Amino acid sequence: MGIIAGFVIIYSGKSLSQDLTAKEIVAKADQKNRGETSQGTMSMKIVRPSWERTIEMKSWSKSDDFFLVYITAPAKEKGQVFLKRENEMWNWVPSIDRMIKIPPSMMMQSWMGSDFTNDDLMQQSSIVKDYDHELLGVDTVREKDCYKIKLTPKPEAPVVWGKIITWITRDGFNNWKNEYYDEDMELINIENAYELKDFGDRTLPSRMVIEPVDEPGNKTVLIFDDMIFNKPIDDDFFTQQNMKQVR
Amino acid sequence: MRKSTKYINYLILLWLMMTGMSGVSQEKKKLGFTGHLQNLNTVWIQDYSSQWLTSSSFYNRLNLKWYMHQNFTFSASARNVLNYGQLIYDYYPLYSDLLVEDNGFMDLTGTIARDSSYLLYSNIDRLNLKFTKGKFEATVGRQRINWGINMVWNPNDIFNTFNFYDFDYVERPGCDAIRLQYYTGYASGYQLAFKMDADEEITAAGMYSFNKWDYDFQVLGGVMTGDIVLGAGWSGYIKGAGFTGEASWFRDKDNFADTTGIWVISAGANYTFKNSLFAHISGLYTSNGTTGNAGQSGAFIVLQEVSPKTFTLARYSLMGELSYPITPLIRGDVATIVNPNDGSFFLGPNVGFSLTDNIGLLLMAQIFVGDTRTEFGGYGQLYYMRLKWSF
């Protein structure tokens with residue numbers, strides 16, 4: 001029974017997506033989003049009904065495994081660096097000359113008060129490797145034809161969500177909308193992407209807005225100012241030594 | 001010799017401010033300029049007097065980084081502090097002298113003006129040149145050498161030790177040293193450091209750090225003023241919880257045969273729950289510590305200079321901490337340190353408010369409870385309000 005159901009899903013998936021499986025669609029979008037390497041500057045604005053805070057940063061990534069973030073604002077946090085290498089993460093705090101190893105439980109914490117967790121930011125989990133994918137159909141979101149795909153975390157995956165529904169545009173494989181559900185399958189966050197922008201070799205949404213469902217007026221806005229993809233970055237860039245040098 | 005260097009800091013300070021100012025308009029790549037300006041108000045409710053002592057300080061910190069060449073980076077940081085209030089007056093000149101004491105080989109702390117009611121001083125706590133070539137680095141001058149791993153007690157932090165109670169000066173004074181580093185991997189390498197202090201006492205040690213089984217490890221050996229020191233530390237996790245520890249062994253090098261050496265061992269664990277509640281426990285064992293009353297004679301626990309051998313006179317110390325973001329802008333934190341033998345304890349609640357992107361308000365208490373001659377007896381209660389603008 002399960003095998004037949006699985007077959008039907010795969011089969012219907014193929015017919016909808018012209019020979020792309022749900023997993024391939026997600027992988028293509030993921031690949032486009034991060035490239036083999038990426039580097040850029042971005043800002044994150046935390047918006048609440050009565051206040052706003054902005055964090056600015058530079059980031060570098062290579063494959064799924066290496067990630068480095070340098071905080072440029074606010075002044076109090078400036079110079080802090082986060083490094084992820086495979087399963088391990090460190091935080092360099094220059095004011096006290098201290099390298100802090102970040103334990104896994106801290107990964108699920110909200111990152112600097114935003115609607116993002118450490119995990120979201122550091123991409124500790126992979127939407128390709130850590131989830132099973134199911135194509136639910138096609139859907140139009142903000143005038144774009146999208147593949148609608150359900151992501152279910154694999155049993156051992158280091159993931160906080162119960163499931164994610166994602167909309168990926170058919171023309172450009174852009175991650176256009178995401179719905180994040182908790183383990184009780186209750187909708188927690190809605191993420192929308194806006195403002196396609198040319199970043200050298202590719203066009204990507206440059207503004208992402210994430211809104212918690214049960215807190216109207218709250219949102220976190222991520223804006224990508226500059227991004228460069230596939231420019232070679234040496235593995236030596238993602239080291240404790242470089243955490244103390246990068247700027 | 002220390003006298004002769006006394007006024008150099010004003011020149012450096014002047015230059016620092018000038019380059020700092022011009023740096024704002026210059027190309028971002030060459031100069032980095034940060035700092036903060038704050039006002040701290042303190043009320044001290046003493047155990048042995050019915051009078052509350054108040055004090056206030058204005059403190060400006062300036063940090064300069066000059067990326068002068070691809071191989072050379074120059075760093076300097078200065079503190080300019082104005083202290084005034086009853087605390088200064090009642091403990092004049094003892095308290096003021098303590099504030100301007102520079103334990104470095106160079107005397108880079110200078111009193112600008114003072115009398116029994118106030119103290120205006122400046123201090124340069126970083127002043128170093130760093131040479132980098134590939135995986136090799138050499139840093140010469142006043143610098144912070146932080147070999148600590150734990151959050152409260154750092155037996156491996158032998159150069160300028162972290163003092164948990166001195167919450168308003170987390171940067172620590174810095175030491176006058178030469179440090180060589182060679183990185184052998186992304187989280188491994190060798191360090192050699194040599195420090196001389198104001199009494200021309202030497203602390204010199206080597207450390208090897210490496211990464212294995214997703215843990216960071218370090219082993220070190222050398223001398224810390226009059227003692228031979230050997231130490232080791234780790235940082236890793238058990239399930240989701242962070243798990244860190246440090247141990248050091250000290251033995252008087254001049255009376256090596258007559259003494260057995262002392263162990264200072266500290267370990268801690270922390271866990272962040274899904275609702276962002278952060279919980280942390282730590283313990284400290286000092287082998288020559290007492291299981292009786294562990295009171296010290298100093299009046300100012302916050303200012304006392306600590307070394308890994310003098311965190312406490314007690315054999316056992318226990319620490320617990322809970323921290324929770326009440327809202328994204330308000331973080332509440334409560335820490336306690338207990339001496340299980342003499343029954344005295346410390347309680348440190350605080351609430352931090354983010355007022356704007358760059359302005360923060362901190363309300364804090366340090367409450368010391370214990371009988372006479374116990375570890376935490378006699379210090380009374382300290383209440384703080386700090387308004388801080390970072391730039």
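## Exercise 1: The nonpolar cores

Task: identify which residues touch the most other members of the largest nonpolar core.

Solution. The largest nonpolar core has 47 residues, and those touching the most other members are I25(A), L68(A), V81(A), L83(A), I149(A) and I168(A). A nonpolar core is a set of buried Ala, Val, Leu, Ile, Met, Phe, Trp, Tyr and Cys residues joined through C-beta atoms within 7 Å. A residue is buried if 20 or more other C-beta atoms lie within 10 Å of its own, exposed if 12 or fewer, and partly exposed in between, with C-beta atoms placed from the backbone. Apart from this core lies another of 16 residues, including V152(B), L284(B), F311(B) and V338(B).

The next step takes one core member. With residues up to four places away in sequence left out, V81(A) touches L68(A), V69(A), Y70(A), W92(A), M243(A) and V246(A). Contact here requires that the C-beta atoms of two residues, placed from the backbone, lie within 7 Å.

The model is predicted: local features need pLDDT of at least 70, side-chain atom pairs count only at pLDDT 80 or more, and totals for chains, interfaces and linings use all residues. Residues are numbered from 1 along each chain as its sequence is written, while chains are lettered from A and ligands numbered from 1 in the order in which they are written.

## Exercise 2: Chain A and one of its helices

Task: describe the make-up of chain A, and explain why the buried residues of α2(A) line one face of the helix.

Solution. Chain A contains 5 helices and 13 strands. Helices (H or I, at least four residues) and strands (E, at least two) are DSSP runs, numbered from the N terminus. Of the 247 residues in chain A, 36% are buried.

Helix α2(A) covers residues 22–34, which is 13 residues. From first C-alpha to last it reaches 18 Å, close to the 18 Å expected at 1.5 Å a residue; the expected span is 1.5 Å times one less than the number of residues. The buried residues in α2(A) are A22(A), I25(A), V26(A) and A29(A). Seen down the helix axis, these buried residues fall within an arc of 95°, so they line one face of α2(A). The arc is that of the directions from the helix axis to the C-beta atoms. Just after α2(A), G35(A) has a positive phi of about 65°.

## Exercise 3: Where the chains meet

Task: state how many residues of chain A are in contact with chain B, and which elements contribute.

Solution. On chain A, 29 residues are in contact with 32 residues of chain B. Two or more residues on this side of chain A come from each of β2 (51–62), β6 (98–101), α3 (104–107) and α5 (240–243). By type, the chain A side divides into 10 nonpolar, 11 polar and 8 charged residues. Ala, Val, Leu, Ile, Met, Phe, Trp, Tyr, Cys and Pro count as nonpolar, Asp, Glu, Lys and Arg as charged, and the others, Gly among them, as polar.

## Exercise 4: Paired strands

Task: determine in which sense β5(A) and β6(A) pair, then examine β9(B), β10(B) and β11(B).

Solution. Strand β5(A), residues 88–93, pairs with β6(A) in the antiparallel sense over 4 bridges; strands pair if DSSP finds at least two bridges between them. W90(A) has K101(A) as its bridge partner in β6(A). The two strands form a hairpin with 4 residues between them, and D97(A) in the turn has a positive phi of about 55°.

In chain B, β9(B) (202–212) and β10(B) (215–224) are antiparallel over 10 bridges, with F210(B) partnered by F217(B). Strand β10(B) also pairs with β11(B) (227–238), antiparallel over 9 bridges, and D216(B) stands opposite S235(B).
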